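Thanks for sending this one over. Here are my notes, point by point, to read with the model open.

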Amino acid sequence: MSQTLFVNATLASMQGNSGYGLQQQAALLVDGDRIAWIGDMTARPRDDSIEIVDCEQRLLTPGLVDCHTHLIYGGDRADEFEMRLEGASYAEIAARGGGILATVHATRQASEEELFAEALPRIRALLGEGVTTLEIKSGYGLDSATEIKMLRVAARLERDLGVRIQKTFLGAHALPPEYEGHADAYIDLVCEEMLPQAQHEGLVDAVDVFIESIAFSLEQGERVLARAQDLGLPVKAHVEQLSDLGGAAMAAARGALSVDHLEYLAPADVAHLADNGTVAVLLPGAFYVLRETQLPPIAALRERRVPMALATDANPGSSPLHSLLLIMNMACTLFRMTPAEALRGVTVNAARALGMDREIGTLETGKKADIVVWNLQRPAMLSYRVGVNPCRAVMQAGRWRS
Ligand code: NIG
Ligand code: FE
């Protein structure tokens with residue numbers, strides 16, 4: 001099995017409960033697809049058969065993790081972008097049958113091949129900045145066939161690009177037009193037909209639901225999560241994005257991996273996340289695009305030591321963004337998070353949000369060798385500069401990405 005030894009590296013290992021876990025003058029040994037050893041340069045293994053990579057003091061981080069995306073979809077919503085510039089709100093556009101439903105219409109029309117081809121440049125943009133694991137949700141089909149079509153595209157992207165993808169079923173993302181006025185009947189369909197079918201095809205790693213005035217009620221959301229858990233699947237939820245319906249407390253009480261968005265989360269409800277080990281996934285891209293002014297309760301999350309993750313939320317409506325580095329910068333400038341919190345948000349805490357933290361998220365002996373070499377010396381630079389991609393090389397599970 002091939003071995004690679006990184007020498008003269010500055011490691012942001014992301015080990016420990018805060019900060020970067022920084023190690024200067026470090027060496028790291030990869031054996032096969034895993035990290036086999038990390039230590040001081042002076043103690044490095046010396047064996048002529050090992051391939052040596054001299055990092056010349058460059059920064060090494062774990063592969064980045066984008067733990068919340070909707071990047072498979074048909075069409076675009078540039079018209080809604082223009083409508084919002086003329087004063088319409090996201091919720092008003094949704095109420096008029098636009099928003100998520102406009103994308104549902106386009107996604108139903110698109111072939112699997114078209115969805116794949118359209119998703120490629122989006123996912124490549126993420127990978128080019130050091131992403132080695134991402135999550136992709138369904139949720140623009142709202143019928144069995146289209147939800148399954150989307151998840152198949154996600155599975156094919158994983159196979160063809162050699163990147164790790166968590167496939168999340170989001171059948172309860174919006175009420176499809178054919179069920180207008182019959183939300184409970186649609187939830188029955190999601191629970192009894194759509195989700196079991198998608199799971200039967202081996203296409204579901206986790207289940208999500210959108211609990212919001214423009215989507216589903218707390219009770220409907222809980223039914224979906226309960227059904228998913230009956231089927232043995234991990235759960236997460238879009239909650240408290242536009243209003244406070246109590247979704248975060250409900251999902252956390254059910255042991256959700258993460259609750260996502262959270263601008264309207266009451267600081268008092270942060271305790272539910274802390275008590276249940278639920279990750280807070282913050283999405284500054286959607287906050288920025290929708291010109292939200294209500295900030296998520298960062299101080300309360302920090303105080304209760306709730307792990308905060310960050311993600312692009314890449315989607316055609318609220319967050320047409322495909323740069324995790326830009327998201328880190330936004331987390332610092334808009335949410336006043338520190339650069340260390342931002343990097344933890346796209347590594348160790350994002351891995352936790354996917355339930356994958358035993359395998360990925362830190363540079364640590366025994367974990368998968370997902371490693372990014374940056375043309376940088378200091379980790380704060382990742383959040384600081386915008387528009388210059390400092391990614392030099394990416395190793396995914398021990399193999400260099402070409
Ligand atoms: O995370 N909040 C719900 N879903 C997406 C938006 C989807 C869309 O507008 O197409 C989000 O913001
Ligand atoms: Fe989302």
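1. Start with Val7: its bridge partner in strand 4 is Asp54. Strand 1 and strand 4 (residues 51–54) run parallel and are joined by four bridges. Strands here are DSSP runs of E with at least two residues, helices are runs of H or I with at least four residues, and both are numbered from the N terminus. Two strands count as paired if DSSP finds at least two bridges between them.

2. A word on the ground rules: this is a predicted model, so local features need pLDDT of at least 70 and side-chain atom pairs count only at pLDDT 80 or more, while totals for chains, interfaces and linings use all residues. Residues are numbered from 1 along each chain as its sequence is written, chains are lettered from A and ligands numbered from 1 in the order in which they are written, and side-chain values use heavy atoms, with hydrogens and water left out.

3. Back to strand 1, which has other partners too. Seven bridges tie it to strand 2 (residues 22–31), and that pair runs antiparallel. Two bridges join strand 1 to strand 5 (residues 59–62), running parallel.

4. How much of strand 1 is buried? Nine of the 10 residues of strand 1 (residues 3–12) are buried, so the strand is largely enclosed by the rest of the structure. Buried means under 20% relative accessible area, exposed means over 50%, and partly exposed is in between (1.4 Å probe, protein chains only).

5. Now the metal. The iron ion (ligand 2) has His68 (NE2), His70 (NE2), His238 (NE2) and Asp313 (OD) as its protein donors, at 2.1 to 2.3 Å. Along the chain their spacing reads H-x1-H-x167-H-x74-D. His68, in the loop between strand 6 (64–66) and helix 1 (78–85), and Asp313, in the loop between strand 13 (308–310) and helix 12 (324–335), are 245 residues apart, so this pair links distant parts of the chain. Donors are N, O and S atoms within 2.8 Å of the metal (3.2 Å for Na, K and Ca); water is not among the atoms, so the site may look incomplete.

6. Are His68 and Asp313 buried or exposed? His68 is buried at a relative accessible area of 0%, and Asp313 is buried at 1%.

7. Ligand 1 has 15 residues around it, the closest being Arg77, Tyr90, Tyr140, Gln241 and Ser318; near means a heavy atom within 4 Å. For polar contacts (pairs of N or O atoms within 3.5 Å), oxygen atoms of ligand 1 sit 2.8 Å from a side-chain N or O atom of Arg77, 2.6 Å from one of Tyr140 and 2.9 Å from a polar side-chain atom of His261. Taken alone, ligand 1 exposes 320 Å², and the protein buries 100% of that; the areas come from the Shrake-Rupley method with a 1.4 Å probe.

8. Finally, compare two residues. Arg254 sits in the loop between helix 8 (247–253) and strand 11 (258–261) and is partly exposed at 29%. Beyond four places in sequence, Arg254 is in contact (heavy atoms within 4.5 Å) with Glu222, Leu225, Ala226 and Gln229. Ser258 lies in strand 11 and is buried at 1%; its contacts beyond four places include Val235, Thr278 and Ala353.

Key. A polar contact is a pair of N or O atoms within 3.5 Å; within protein, one must be able to donate a hydrogen and the other to accept it, and residues adjacent in sequence count only if both atoms are side-chain atoms.
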